[in-house]
Amino acid sequence: MEPFQYHVFVCRQEKPEGVNSCSAACSWDVLAALNRELDIEGAAGEVQVTTCGCLGLCDEGPVVIIYPDGVWYRGVKAADVPEIVASHLRSGKPVSRLVWNDAPAMKALITEHGNQYRAMLKARDQAGALPDDINELIRGFMFSRTVLTALELDVFTALAGGASADAVAERIQSSRRGTEMLLHALAALKLLRKENGIFRNTPLSARFFAEASPDSARKALLHTANLWHRWSNLTASVRAGTPAPKTGDGEWVNTFIAAMDRNARERSQAVVNAAGTEGIRRILDLGGGSAAYSIAFARANSGVTAEVLDLADVLPLTQEYIRRAGLVGRIHARVGDMLRDPLGHGFDLVLLSAICHMFSPKENRALYQRVHAALAPGGRVLVQDFILEPEKTAPRFAALFSLNMLVGTRAGSSYSEPEYAAWLAEAGFRDIRRVPLPGPAGVLIATRD
Ligand SMILES: C[S@@+](CC[C@H](N)C(=O)[O-])C[C@H]1O[C@@H](n2cnc3c(N)ncnc32)[C@H](O)[C@@H]1O
Ligand code: FES
């Protein structure tokens, strides 16, 4: 017995530019149309849709296969999808004009394709060519830089409703030549569409990149654009073991806290669930930034109050986030340096979210002693960070984030779970446990004796 009535495979294989493939023939459009149509029809629960790699019939793409019937479709367009759903998936009648059932011819093509592919790989290997995925890795900065420039110039906002390259250039006060090249590159990255000389946002770019959208991440993503400048100095930072001198940027703090806030909002409910709110009345949120975690705890339990400690240039932003959350009476923000200034006493929970990676091992050990002293007996500390495996070669994001600390902080780094556990134990914490949460950051919770 199958868990679904139908299983649909859509080939989404990408191939080098100029080589026919399902992806080049817009199979991602077919996939989007399929998911949309199944949703509309209320059939998503009966049909499993899976993308797949090359099936060896690339000149005839996009190729779609439907099991258990074993029906192969070729040359499918997004416009064909409603008919496939209504006729095949709803009524069991394949759409004959798209079906390819000449099995011997298909098999011959697949075999020929496989032989050609293996011969091509061998020839490239013999010629000493770099593998494609390594080339992609090395050129990854081009994709990233294109999107970051579009965000900096606020292209996606300028495109609202669709606009020509001339109109966009005027709105973003940039050269026509450069703007047109940028718009074409964004269309190639499938972040825009171009029809009859008019560029338009895709649903994804309209939702996440245009300023007017309620889900806009532009401001938070500008923090990544700022990081770009630091990462440009990575070679010098690796040589020196320290960040390059800062180029004072007034917008840095704003975009940094906006980026932290966006991440935190996505995770705060999971973090509240991980810690629970039972027995918690007073929280100390060290380096609380936008206070997103204090806000989430306060909303989850009306008996909770929180104190957020942060640096002087961040505090006005912290206060504004608290005001907007309507929690001014229950969350208090104060200026302080968590490594030096008094932390207070008798807290039930201390939050250290995205904090420890900024500091050296020595500073973290001292910080955990201070946190221990600030907690009431039986109180807990919650550490959220990018936690490395003992070998420090994984997870990938945590390992790369260490470099982010190299180019941006005096002594910060990603640390491993055994390092965190040793520091916590040394400070007098017990019941140190890792709480599995989805996403790149991990959570450790420990209890004061
Ligand atoms: C990476 S952010 C994390 C913000 C927040 N905890 C979160 O998870 O969204 C680090 C925060 O720590 C603050 N910070 C850095 N050094 C600090 C220090 N010595 N004392 C107090 N706050 C500090 C920064 O201003 C920033 O708001
Ligand atoms: S790319 Fe789809 S069949 Fe080859």
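Asp154 counts as partly exposed, with 16 C-beta neighbours inside 10 Å. Here a residue is buried if 20 or more other C-beta atoms lie within 10 Å of its own, exposed if 12 or fewer, and partly exposed in between, with C-beta atoms placed from the backbone. Asp154 also has a positive phi of about 55°, although it is not a glycine. You'll find Asp154 in the loop between helix H4 (132–152) and helix H5 (155–158). Helices (H or I, at least four residues) and strands (E, at least two) are DSSP runs, numbered from the N terminus.

A quick word on what you're looking at: this is a predicted model, in which local features need pLDDT of at least 70, side-chain atom pairs count only at pLDDT 80 or more, and totals for chains, interfaces and linings use all residues. Residues are numbered from 1 along each chain as its sequence is written, while chains are lettered from A and ligands numbered from 1 in the order in which they are written.

Cys26 is another residue with a positive phi, about 70°, though it is not a glycine. Cys26 sits in the loop between strand S1 (6–11) and helix H1 (27–41), and is partly exposed, with 17 other C-beta atoms within 10 Å. Now for some cis peptide bonds. One joins Tyr67 and Pro68, with omega about 15°, and Pro68 is in the loop between strand S3 (64–67) and strand S4 (71–73). The bond from Ala394 to Pro395 is cis too, with omega near -5°.

Let's zoom out. The protein has 16 helices and 15 strands, and its C-alpha atoms fill a box of roughly 75 × 60 × 50 Å along the principal axes. Of its 449 residues, 32% count as buried. The domain assignment (bounds come from an automatic or database assignment) gives domain 1 (6–124), domain 2 (133–213) and domain 3 (253–448). The C-alpha centres of domain 1 and domain 3 are 47 Å apart.

What about the inside? In soluble globular proteins, nonpolar side chains tend to be buried together. A nonpolar core is a set of buried Ala, Val, Leu, Ile, Met, Phe, Trp, Tyr and Cys residues joined through C-beta atoms within 7 Å. The largest one has 62 residues, and Ile283, Val350, Leu352 and Val381 have the most contacts inside it. Helix H11 gives the most to this core, 8 residues. There's also a second, separate core of 25 residues, which includes Tyr6, Leu38, Val47 and Val81.

Which residues of H16 are buried? They are Tyr420, Trp423, Leu424 and Ala427. Seen down the axis of H16, these fall within an arc of 95°, so they line one face of the helix; the arc is that of the directions from the helix axis to the C-beta atoms. On the other side of H16, Pro418 and Glu426 are exposed.

Finally, ligand 1. It is surrounded by 17 residues, the closest being Ala264, Gly287, Gly289, Ser353 and Ala354; a residue counts as near if its C-beta atom, placed from the backbone, lies within 6 Å. Helix H11 (251–275) and strand S8 (305–310) are the elements that give two or more residues to this shell.
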